[in-house]
Amino acid sequence: MYAIIKIEFINRFFTLFIFSQLVKMNVNKIEESDMLTVIFGREGCPYCVRAKDVAAKLANERDDFKYRYVDIIKEGVSKADLEQSAGKPCPTVPQIFIDQAHIGGFTEFEAYAKENLGLYQ
């Protein structure tokens with residue numbers, strides 16, 4: 001029972017966290033069709049830089065793609081927080097969520113973007 005309540009709390013926390021990130025992005029109007037992407041990374045991580053570059057490219061090319069980069073050290077997001085939200089171990093950064101669904105790290109994000117978002121076409 002305690003575990004279920006804790007998981008529900010974490011899911012609500014993550015939903016509120018995503019919403020707060022959108023407020024920081026100054027997203028005044030969010031269309032239902034907009035893809036809301038959050039990249040959790042840290043300073044000095046080359047794959048985090050690559051993920052931000054891909055997200056910036058997509059944001060420039062697509063009107064329905066918005067993203068926010070969260071430095072986990074500066075924002076105080078722990079590895080345990082990410083793992084609870086993803087529902088599985090997250091041994092590395094970046095960890096990327098699109099519409100609150102866990103995509104994975106940079107490699108998975110790039111593959112997802114190629115297949116579903118027209119990246120590099």
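The structure holds 4 salt bridges, as found in a predicted model.

Helix α2 runs over residues 46-61 and counts 16 residues. From first C-alpha to last, α2 reaches 23 Å, close to the 22 Å expected at 1.5 Å a residue. Its buried residues are C48, A51, V54, A55 and L58. Because these residues cover an arc of only 125 degrees around the axis, they sit on the same side of α2.

Side chains of opposite charge can pair when their charged atoms come close. K57 and E61 are 4 residues apart in the helix, so about one helical turn separates them. Both ends of this pair are partly exposed: K57 has a relative accessible area of 32%, and E61 has 46%.

Two further salt bridges can be described. R62 pairs with D64, the closest N and O atoms being 2.9 Å apart; R62 is partly exposed at 22% relative accessibility. E75 and R68 meet through their side chains at 3.5 Å, N to O. Here E75 is partly exposed, at 32%, whereas R68 has 18% relative accessibility and therefore counts as buried, the cut-off being under 20%.

Terms used. Residues are numbered from 1 along each chain as its sequence is written. This is a predicted model: local features need pLDDT of at least 70, side-chain atom pairs count only at pLDDT 80 or more; totals for chains, interfaces and linings use all residues. Side-chain values use heavy atoms; hydrogens and water are left out. Helices (H or I, at least four residues) and strands (E, at least two) are DSSP runs, numbered from the N terminus. The expected span of a helix is 1.5 Å times one less than its number of residues. Buried means under 20% relative accessible area, exposed over 50%, partly exposed in between (1.4 Å probe, protein chains only). The arc is that of the directions from the helix axis to the C-beta atoms.
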